[in-house]
Amino acid sequence: MKILITGGAGFIGGNFVHYILNKYPDYKILCLDKLTYAGNLETLKPVMDNPNFKFIKGDISDREFIYELFSEEKPDMVVNFAAESHVDRSIEDPGIFLKTNVIGTGVLMDACRKFGIKRYHQVSTDEVYGDLPLERPDLFFTEETPIHASSPYSASKASADLLVQAYYRTYKLPVTISRCSNNYGPYHFPEKLIPLIITRALADEELPVYGTGENVRDWLYVEDHCSAIDLILHKGREGEVYNIGGHNERTNLQVVKTILKELGKPESLIRFVADRPGHDRRYAIDPTKIHNELGWLPATTFDEGIKKTIKWYLDNREWWQHILSGEYKDYFNKMYGNRLAES
Ligand code: NAD
Ligand code: DAU
């Protein structure tokens with residue numbers, strides 16, 4: 001079995017590379033990544049010398065390059081993690097989100113049609129469903145919930161999903177789609193809430209919380225996302241969408257306070273800053289389908305997962321300190337400078 005994993009130098013793709021090489025030592029893994037600001041070869045260092053692993057630098061939206069790659073490598077399966085993934089960046093500059101997330105998905109599927117494939121899997125997100133009201137905790141996203149994206153990022157992911165479903169219906173391409181809730185765990189880029197709070201709290205820096213901190217996210221430990229995708233790849237039904245989530249809803253303020261308590265840092269570091277435009281209020285996944293059909297259940301509760309994650313950031317300071325010392329500084333000042341000054 002040869003699997004092409006795109007975006008494998010990023011957070012979830014990197015964790016998936018480690019998960020698959022561990023679980024299936026005889027599989028061949030090709031990892032394709034453009035190495036944008038979010039891609040990091042340090043994440044793949046432990047597997048670089050594995051004879052069943054090969055890293056290729058490239059862009060999923062570069063048709064000529066992708067066709068050449070498929071012609072040479074002829075993968076059996078493709079798992080597409082490659083994406084621009086940060087909502088705040090999509091609000092600043094949507095263009096690259098359309099190119100990578102929509103055009104890139106189309107190019108990969110065209111290559112699958114041209115060269116043949118056993119399975120194309122699209123890693124999507126619960127954000128394609130839009131948001132749920134805070135005062136209706138009884139509501140959850142199911143696979144039948146209408147697509148209703150809020151940000152340029154989620155609109156680009158929703159567009160990609162529609163394209164994947166169209167390729168299934170029109171060309172019978174053997175596709176599956178998973179829509180997962182918020183992930184956290186090792187190798188998470190520190191622009192996202194949990195690693196941002198951990199790394200800044202460790203340095204006793206101000207912690208920006210958007211709006212009132214009451215928005216709710218449904219957190220899943222990244223390894224549980226990997227095990228779900230593994231099941232869908234091997235046992236999921238072609239043409240189907242599977243929601244992935246573990247009923248771990250928390251307000252942002254609860255998450256920040258949990259991290260501060262675990263680190264022994266004061267809540268006085270918290271700053272309420274100007275809200276994200278169009279900020280989705282609540283995400284909450286109903287994972288009944290993947291549980292009933294494929295027997296998937298998450299293995300890690302939020303309380304265990306957040307402890308493991310904090311320990312990983314404490315034990316792997318070099319991985320994130322390297323990121324914080326580069327262009328990330330300019331990014332942080334641009335995104336948060338005024339907001340923190342006004343808080
Ligand atoms: P990430 O930003 O950490 O990683 C994305 C990776 O894709 C990076 O390594 C980057 O270099 C690479 N990449 C970007 N553009 C590329 C291109 N044109 N060609 C090839 N590689 C490219 O993202 P992540 O958080 O690991 O998310 C991975 C996927 O999972 C995304 O599709 C995202 O929409 C989806 N997802 C993320 C979450 C989450 O909580 N992080 C939840 C559900 C779904
Ligand atoms: O739900 C899945 C999605 O989760 C994925 O599709 C996205 O790729 C991923 O980035 C994530 O999106 P969010 O926007 O939910 O994640 P983020 O970590 O950016 O923000 C989580 C919540 O915390 C959100 O309500 C905004 C808030 N927040 C975020 C940052 C970065 C803050 O309050 N302060 C911050 O500094």
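What covers the buried residues of α1? In this predicted model, the cover includes β1 (2-6), β2 (28-33), β3 (53-57), β4 (77-80), β7 (182-184) and α7 (222-235). The legends below take that helix first and then move to other parts of the chain.

**View 1. Helix α1 and its surroundings.** Helix α1 spans residues 11-23 and has 13 residues. From its first C-alpha to its last, α1 reaches 19 Å, close to the 18 Å expected at 1.5 Å a residue. The helix is mostly covered, with 11 of its 13 residues buried. The buried residues of α1 are F11, I12, G13, G14, N15, F16, V17, H18, Y19, I20 and L21. Strands β1, β2, β3, β4 and β7 and helix α7 are among the elements that cover them.

View 2. The UniProt record, an unreviewed entry, places the feature "domain: NAD(P)-binding" at residues 4-309. Over residues 4-309 the chain is 40% helix and 18% strand. The end C-alpha atoms of this stretch are 27 Å apart.

**View 3. An edge-to-face pair, F189 and Y328.** A search of the whole structure finds 21 aromatic pairs. One of them joins F189 and Y328, with 6.0 Å from centre to centre and 65 degrees between the planes, an edge-to-face arrangement. The pair links distant parts of the chain: F189 is in the loop between β7 and α6 (193-202), while Y328 is in helix α12 (residues 328-342), 139 residues apart. F189 has a relative accessible area of 9% and is therefore buried. Y328 also counts as buried, at 8% relative accessibility.

**View 4. A stacked pair, Y210 and Y336.** The ring centres of Y210 and Y336 are 6.4 Å apart and their planes lie at 25 degrees, so this pair is stacked. Y210 belongs to strand β8 (residues 207-210) and Y336 to helix α12, and the two are 126 residues apart, so the pair links distant parts of the chain. Both Y210 and Y336 are buried. Ring pairs link Y37, F189, Y210, Y328, Y331, F332 and Y336 into a cluster.

**View 5. Charges over rings.** Y37, one of the residues in the ring cluster, has the charged end of R89 over its ring, 3.5 Å from the ring centre. In another such arrangement, K289 lies over the face of Y242, at 4.8 Å from the ring centre.

View 6. Strand β9 (residues 216-221) has 6 of its 6 residues buried, so the strand is largely enclosed by the rest of the structure. In a regular strand the side chains alternate between the two faces of the sheet. Both faces of β9 are covered, with V216, D218 and L220 buried on one side and R217, W219 and Y221 buried on the other. β9 pairs with β7 in the parallel sense over 3 bridges, and Y184 stands opposite Y221. Strand β11 (residues 249-251) runs antiparallel to β9 and is joined to it by 3 bridges. The bridge partner of V216 in β11 is T251.

**View 7. R113 and its contacts.** R113 is found in helix α4 (residues 95-115). With a relative accessible area of 39%, R113 is partly exposed. Leaving aside residues up to four places away in sequence, R113 touches Y167, Y171 and L173. R113 and Y167 are 54 residues apart along the chain, and their C-alpha atoms are separated by 9.1 Å.

**View 8. Helix α6 and the residue after it.** Helix α6 is mostly covered, with 9 of its 10 residues buried. Its buried residues are I194, P195, L196, I197, I198, T199, R200, A201 and L202. D204 follows α6 and has a positive phi, near 55 degrees.

**View 9. Positive phi in two loops.** K172 is a residue other than glycine with a positive phi, near 60 degrees. K172 lies in the loop between α5 (152-171) and β6 (175-180). With a relative accessible area of 61%, K172 is exposed. Y187, in the loop between β7 and α6, is not a glycine either, and its phi is positive at about 70 degrees. Y187 is buried, with a relative accessible area of 15%.

How values were computed. Residues numbered from 1 in each chain as written. Chains lettered and ligands numbered in written order. Predicted model: local features only at pLDDT ≥ 70, side-chain atom pairs only at ≥ 80, totals over all residues. Heavy atoms only, no water. UniProt positions renumbered as here; feature names shortened; annotations may be inferred. Helix = DSSP H or I, 4+ residues; strand = E, 2+ residues; numbered from the N terminus. Expected span 1.5 Å × (residues − 1). Buried < 20%, exposed > 50% of the residue type's maximum accessible area, 1.4 Å probe, protein only. Contact = heavy atoms within 4.5 Å. Phe/Tyr/Trp six-rings, centres within 6.5 Å; stacked < 30°, edge-to-face > 60°. Lys NZ or Arg CZ within 6 Å of the ring centre and 35° of its normal. Pairing = 2+ DSSP bridges.
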